[in-house]
Amino acid sequence: MSEQKNISAWSDCLLIIKDIISPQSFRTWFEPIQAIAMEGSTLTLEVPSEFFREYLEEHYLDLLSKTLRRVIGANARLIYKVKIINNSSITYPGNSAKEIKNPSIPMSPSQVSNMAGLDPYTIPGLKRLDINPNLSLNYNFENFIEGNCNKLGRSAGMEIAKKPGNNAFNPLFLYGGSGLGKTHLAQAIGLEIKNRYPEKIVLYVTAHVFMTQYIDAVTVKNKLTDFLHFYQSIDVLIIDDVHEFAEKHSTQNAFFQVFNHLHQLGKQLILTSDRPPVDLQGLDQRLLSRFKWGLTTELLPPDYQTKIEILKAKSFREGISMPDDVINYIASKVMSNIRELEGTLISLIANATLTKRKITLSLAQELIDKIVSTPKNDISVAKIKKTVCDYFGITPEILLSNTRKREIVQARQIAMYLSRNLTNTSLDSIGSQIGGKNHATVLYACNTVCDLMDTDRTFRQYISDIERELRTNIQ
């Protein structure tokens, strides 16, 4: 019975993880794992090597922790058993810092090419290039504020910067709506790589520029070979807005050759798009399949707290001491994206400077309707409660009751989370309006929702659907 229990628990974990990470990463890092024991809340997993264990601990610890707590409970513990060549094993508790030498660590593609006597830079007639990477110094990690909306992408970017090309995130495919920080994050990775490895050739280019250069090389200068050699010599290639390759089949073919060449040599590719690979129309299937080889991650609109941190960081960089009530007001009014959020702040600073007025809440309130396309009726806690009830088909009385039914508790937590992120209401006020709870209960509910959004795609869709309904129905 215990064997069946551990298999069932780990199988449930795998279903959650498979829904979160890319298929290739799942096949590489989770399919080889075997669940071998379950005692109480302690799950023992057998992994193929010490390198494998270290990689899981370094890259997937947070996901594993949240998933195990969700499936097994708050007291979940993890123990690894590492296979050794003679079929014996070494046991480690989860998150162990102990290290041992292991001779069977796999080599990167670049190591393989070096062993084969290949030099990726010995292209006839082409010297080692010294080119402008086209990176903005303002688009760095220091200026990129981390939140639940971009945590996975930022973490992956930092790992890529440590080992460009030699990581599980190649290519890194970033997607999301306009103004959510895709270009900023992609360039921040490039800057960090240049800081760590000055000798590497890093290039940021938009898909439109790539297409223009390709057409110029083919039709005007007849230098397609030089064009391909140039791009095939890059160590880190960042292509922005790859959705613009749609229906441009000749350009896609050229990029396909560049992609294959760089990937096989262990060079890093970073791509951005306004939608995920599965929704890209007009791109060759062979190219789309390669976009999914590494990590695909979405950048979402910032939540309320992340907007606060972005505004504070921006005002600090502008050398302005911005009152908290003004920052809170802007965060509660700007709902669309980071670009509009920062633009609103700059407009307020400029207005105050030109009119020689002090930045106050009254000035922000006076200008906000002219700066931001704000609906006449704001999103309120009452409107959020009604929308949540309608979405889940429950009555307001049930939502506010003391029932501990899982679906009702989750609906109540979602209402608290959205109230915190979409309104300028204090935690105490939210709690009093949603079941008479205190601020600690509201904070716990918000943290619980964040964890579930990280590990449950269906739950994340609930939040997205309700938020879309709230924004659509305001009149």
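Reader: Why is D390 called exposed?

Author: Its relative accessibility is 52%, and the label exposed takes over 50%, whereas buried means under 20% and partly exposed is what lies in between (1.4 Å probe, protein chains only). So D390 counts as exposed. One caution: this is a predicted model, where local features need pLDDT of at least 70, side-chain atom pairs count only at pLDDT 80 or more, and totals for chains, interfaces and linings use all residues. Residues are numbered from 1 along each chain as its sequence is written, and side-chain values use heavy atoms, with hydrogens and water left out.

Reader: How do you know that K386 and D390 meet in a salt bridge?

Author: The N to O distance is 2.9 Å. A salt bridge asks for a side-chain nitrogen of Lys or Arg within 4 Å of a carboxyl oxygen of Asp or Glu, so the pair qualifies. K386 is exposed too, at 54%. Both residues sit in helix α16 (residues 381-392), 4 residues apart, which means about one helical turn separates them. A helix here is a DSSP run of H or I with at least four residues, a strand is a run of E with at least two, and both are numbered from the N terminus.

Reader: What else does α21 hold, and what separates D465 and R468?

Author: D465 and R468 form a salt bridge at 3.2 Å. They are 3 residues apart in α21, so about one helical turn separates them. The structure holds 14 salt bridges, and D62, K66 and D451 are linked in a network of them.

Reader: What makes phi of D241 stand out?

Author: It is near 65°, a positive value in a residue other than glycine. D241 lies in the loop between β7 (236-240) and α10 (249-264), and its 24% relative accessible area makes it partly exposed. K356 has a positive phi as well, about 55°, without being a glycine. K356 is in the loop between α14 (338-355) and α15 (361-371) and counts as exposed at 77%.

Reader: Which peptide bond is cis?

Author: The one joining N170 and P171, with omega at about 5°. P171 sits in the loop between α6 (151-162) and β5 (172-175).

Reader: How do you know that the buried residues of α9 line one face of the helix?

Author: The buried residues in α9 (residues 224-232) are F227, L228, Y231 and Q232. Seen down the axis, they fall within an arc of 125°, so they line one face; the arc is taken over the directions from the helix axis to the C-beta atoms. They pack against β6 (202-206), α8 (207-220), β7 and α10.

Reader: Why is the pair of F245 and F255 called tilted?

Author: Rings of Phe, Tyr and Trp (its six-membered ring) pair if their centres lie within 6.5 Å; planes under 30 degrees apart are stacked, over 60 edge-to-face, and the rest tilted. The centres of F245 and F255 are 5.3 Å apart and the planes stand at 45°, so tilted it is. F245 lies in the loop between β7 and α10, while F255 is in helix α10, so the pair ties together parts 10 residues apart in sequence. F245 is buried at 0%, and F255 is buried at 0% too.

Reader: What makes F259 and F291 an aromatic pair?

Author: Their rings are 6.5 Å centre to centre, with 55° between the planes, and the pair is tilted. It links F259 in helix α10 to F291 in helix α11 (residues 285-291), 32 residues apart. The aromatic cluster includes F245, F255, F259 and F291.

Reader: How do you know that the charged end of R286 sits over the ring of F256?

Author: It is 3.8 Å from the ring centre. The rule wants NZ of Lys or CZ of Arg within 6 Å of the centre and within 35 degrees of the ring normal. K200 has its charged end over the ring of Y197, at 5.6 Å.

Technical notes. Contact means heavy atoms within 4.5 Å.
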